[in-house]
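Biologist: Hi! I'm new to this one, could you walk me through it?
Modeller: Happy to, here it is.
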There are 2 protein chains.
Amino acid sequence: MHRLAVPSLITGLVAGVVLTLAASAVVNRTSDKDGSADVAEQVDPGTPTTVILLIGDGMDDSMITAARAYALGADGRFALDGLPFTGAMTTHDLKVGPGPDYEIAYVSDSAASASAWSTGMKTVDGRLSQGPSTSADVPGEDYATVLEAFRDAGRLTGNVSTAEITDATPGAAASHINSRTCQGPDDMASCPTALRSAGGRGSIAEQLVDARVDVLLGGGSGRYTQTLEDGSGSVLAHATTTQGYRPVTTAAELDAVTDLQDGPVLGLFTPSNMTPTYLPLVATPPPGAGSATTRCQRADRGTQPDLAAMTTKAIALLDNPDGFFLQVESAMIDKQEHSLDACGAIGDVEALDAAVAVALDHQRTHPDTLVIVTGDHAQSTQIVASVRDGIQTATLQSADGDPLTLAYSTGLGVANHTGTQIRVAAVGPGASAVTGVIDQTDLFDVMLTGTGADSAGGAPPR
Amino acid sequence: MHRLAVPSLITGLVAGVVLTLAASAVVNRTSDKDGSADVAEQVDPGTPTTVILLIGDGMDDSMITAARAYALGADGRFALDGLPFTGAMTTHDLKVGPGPDYEIAYVSDSAASASAWSTGMKTVDGRLSQGPSTSADVPGEDYATVLEAFRDAGRLTGNVSTAEITDATPGAAASHINSRTCQGPDDMASCPTALRSAGGRGSIAEQLVDARVDVLLGGGSGRYTQTLEDGSGSVLAHATTTQGYRPVTTAAELDAVTDLQDGPVLGLFTPSNMTPTYLPLVATPPPGAGSATTRCQRADRGTQPDLAAMTTKAIALLDNPDGFFLQVESAMIDKQEHSLDACGAIGDVEALDAAVAVALDHQRTHPDTLVIVTGDHAQSTQIVASVRDGIQTATLQSADGDPLTLAYSTGLGVANHTGTQIRVAAVGPGASAVTGVIDQTDLFDVMLTGTGADSAGGAPPR
């Protein structure tokens with residue numbers, strides 16, 4: 001519901017002689033957007049000591065708008081809405097084939113997207129921080145990542161996701177492999193050259209451990225209980241013995257970790273992906289799922305910490321005068337969109353926003369922190385008034401109390417990514433660089449430029 | 001095609017021991033986005049003398065991305081991409097019903113959208129610069145518009161569109177009526193209280209004339225050849241005799257007008273909407289229209305001026321030391337999206353961008369000019385990699401030389417508006433107010449605040 005701004009103050013005769021327009025002009029002021037001074041104050045040409053990158057997987061403007069209407073109402077504002085500098089970010093990637101002029105793919109997957117900001121370079125679907133090549137099974141060239149550059153410059157690093165920590169987005173931060181499917185030692189069918197026996201870096205699970213990311217939090221313990229190729233033990237055992245990782249498995253155990261003095265932290269809270277905030281509401285063909293009175297139901301997440309709790313702990317553990325790099329992903333937005341699950345996707349935009357609020361709190365007291373909030377690619381969710389026959393929809397009651405209908409039209413049973421540019425927002429030193437139109441490879445520069453880490457990038461030690 | 005940035009400089013061994021990462025880090029610089037200083041320079045807290053608002057009807061981020069890929073390639077940049085301040089704009093409107101708490105409609109039409117920025121107030125679908133009410137046929141309260149405020153402050157005004165000039169977007173700038181359908185005296189079925197015989201303001205065509213907008217350019221001569229309700233002559237005759245309008249009907253005639261000394265200008269170049277830049281390519285069910293080698297074909301637009309020419313002329317006529325207000329709409333983007341016409345929509349994004357370039361040229365030499373570029377609501381066009389059965393698609397060869405596929409899924413035969421927030425960009429005094437998330441009603445304040453026009457708004461004289 002929308003209450004008109006003091007309409008009684010407007011003295012107007014529809015077809016009459018007099019309109020009291022001065023009064024109308026005053027009433028018309030629905031907000032004060034004369035923000036020139038604010039924006040000028042927010043321009044910080046300095047260089048960040050700390051960079052926190054928060055990613056909503058599959059979170060495009062349509063998903064933000066839908067989640068906002070559901071959670072806060074159409075005129076509500078998320079924490080992520082309030083960052084002072086905003087722009088649009090293109091997300092196209094490449095297709096495998098003969099190079100160096102690779103064909104452009106106008107719709108990217110999460111692997112190529114995450115690789116783009118992690119390395120500053122375009123690659124092909126399914127690939128993690130490795131360049132394009134003639135076919136999916138042929139590895140490309142390894143590219144150094146932002147996380148590795150920070151680490152090699154002596155700074156602390158963190159990598160948090162609600163997916164398996166070996167999934168595409170967190171994987172690209174600190175692993176280099178030709179296929180995102182090669183998450184654990186048992187999953188290497190598509191990555192023969194990455195096998196340790198072939199002289200490779202091993203699976204994504206192994207590479208994240210070998211990269212010695214200081215704080216790794218997410219799902220995916222099922223990849224870490226797998227046995228290493230040489231039979232010497234599990235990936236988890238490898239993590240604890242070779243890198244000193246402290247495993248944690250519940251929110252309470254994570255709470256109990258108070259510093260990194262006793263080694264890096266490996267929090268794996270579920271065997272595969274973590275549980276979305278809300279129970280599913282899956283879109284169906286007309287008349288569609290849900291109704292004008294449907295509200296999403298909170299899921300039982302057991303002992304799993306939520307994204308805000310993981311972000312809070314990661315920042316607390318990483319906070320130090322030399323700064324840190326932290327990537328935080330709300331992963332289940334995209335995954336639930338793939339499943340046509342309106343509530344699942346909306347809830348994990350809310351979860352991301354709670355994590356953004358945590359990061360912004362840190363930024364306010366640590367102004368040398370650059371916070372960036374964006375997605376990795378667009379998805380198919382559309383806010384609609386009506387749809388053609390056969391299109392799956394879900395209707396919810398918005399926070400305004402009014403019906404909000406979402407449609408999923410790019411796939412039957414599975415909705416797919418789309419290629420529109422997506423929102424990017426930032427605050428802190430260098431934040432104004434995200435205004436206008438950038439490509440996701442530009443984020444690499446925005447995160448590294450002037451940090452001292454940019455000339456010291458490195459790859460995982462072998 | 002995408003050429004990798006000097007890949008030969010990267011010395012990398014995929015599974016090997018050494019990665020020359022300093023070199024990689026340098027190569028990775030795909031652009032210089034350290035724009036802090038630039039942005040700071042662009043913050044202008046002053047107040048604009050002139051405001052130019054350029055609207056792409058139905059132009060959301062998806063349409064911009066698609067048109068850019070087609071016209072310039074994925075890494076190309078439109079003039080509209082380069083404005084220094086960018087944000088997201090919400091576009092929801094209201095539903096007719098009992099007030100004052102009107103139900104929110106999460107998907108707006110062009111009438112309510114244009115009314116929102118024209119008046120700073122929300123209204124219902126189909127209504128022009130008039131508030132909501134209990135039903136579509138009951139008029140709401142008239143709200144003063146930005147154009148009227150500028151006019152009543154003694155400044156010149158212009159209103160340009162490639163639709164009929166009586167269509168929703170140009171109509172909202174200077175008319176007040178309960179239904180957008182009431183474009184001419186013969187079209188008043190839905191607007192009984194607006195009839196002159198009922199004491200109303202008459203049709204939209206009449207109201208635009210009575211508002212004495214200094215430069216009116218677009219299509220829609222068919223509305224102006226209609227006879228006034230009292231039988232005294234055509235709307236066009238009314239325009240020339242009562243307001244001194246000079247009619248022009250071709251690009252050459254428009255060229256010949258060099259100033260406003262002899263009265264305001266009424267350019268009507270087609271009986272209804274003007275011709276889109278490109279011939280149609282209408283999406284079809286699988287395998288879809290077009291192919292990887294399809295390029296759009298330029299339409300024969302006869303003696304019609306294009307949008308850039310109309311914008312150039314409007315600015316030339318309106319330019320004066322006291323400033324002016326000019327609204328420019330590329331209207332056929334949305335209309336061709338409704339028709340699933342990929343080429344039509346793309347071409348008229350290009351046409352808008354050419355008009356934006358004209359406005360930016362003026363802004364550079366007249367820095368007291370605020371230029372705003374945005375859409376009015378989102379549409380259904382999606383950039384896809386693959387689609388489900390039954391979804392209509394059109395494939396084109398992009399400027400990169402690669403296949404670009406667009407899908408239209410919200411309607412069968414007719415694609416519909418969607419509710420996602422859309423891009424807004426600005427340059428000039430007060431431009432930074434568009435950053436973050438604003439609502440389209442906020443544009444009213446952005447355009448008026450501090451101009452001296454805001455307290456002098458007025459309605460059309462009767």
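Biologist: What share of chain A counts as buried?
Modeller: Of its 462 residues, 66% are buried, meaning that 20 or more other C-beta atoms, placed from the backbone, lie within 10 Å of a residue's own. This is a predicted model, where local features need pLDDT of at least 70, side-chain atom pairs count only at pLDDT 80 or more, and totals for chains, interfaces and linings use all residues. Residues are numbered from 1 along each chain as its sequence is written, with chains lettered from A and ligands numbered from 1 in the order in which they are written.
Biologist: Thanks! Over in chain B, why is helix α3 largely enclosed?
Modeller: Because 10 of the 11 residues of α3(B), residues 61-71, are buried. Among them are Asp61(B), Arg68(B) and Tyr70(B). Helices here are DSSP runs of H or I, at least four residues, numbered from the N terminus.
Biologist: And what follows α3(B)?
Modeller: Gly73(B) does, with a positive phi near 95 degrees.
Biologist: Which residues of α13(B) make the contact?
Modeller: Ala345(B), Ile346(B), Val349(B) and Glu350(B) do, meeting residues of α3(B) that include Met63(B) and Tyr70(B). Contact means C-beta atoms, placed from the backbone, within 7 Å.

Terms used
Buried ≥ 20, exposed ≤ 12 C-beta atoms within 10 Å, placed from the backbone. Helix = DSSP H or I, 4+ residues; strand = E, 2+ residues; numbered from the N terminus. Contact = placed C-beta atoms within 7 Å.
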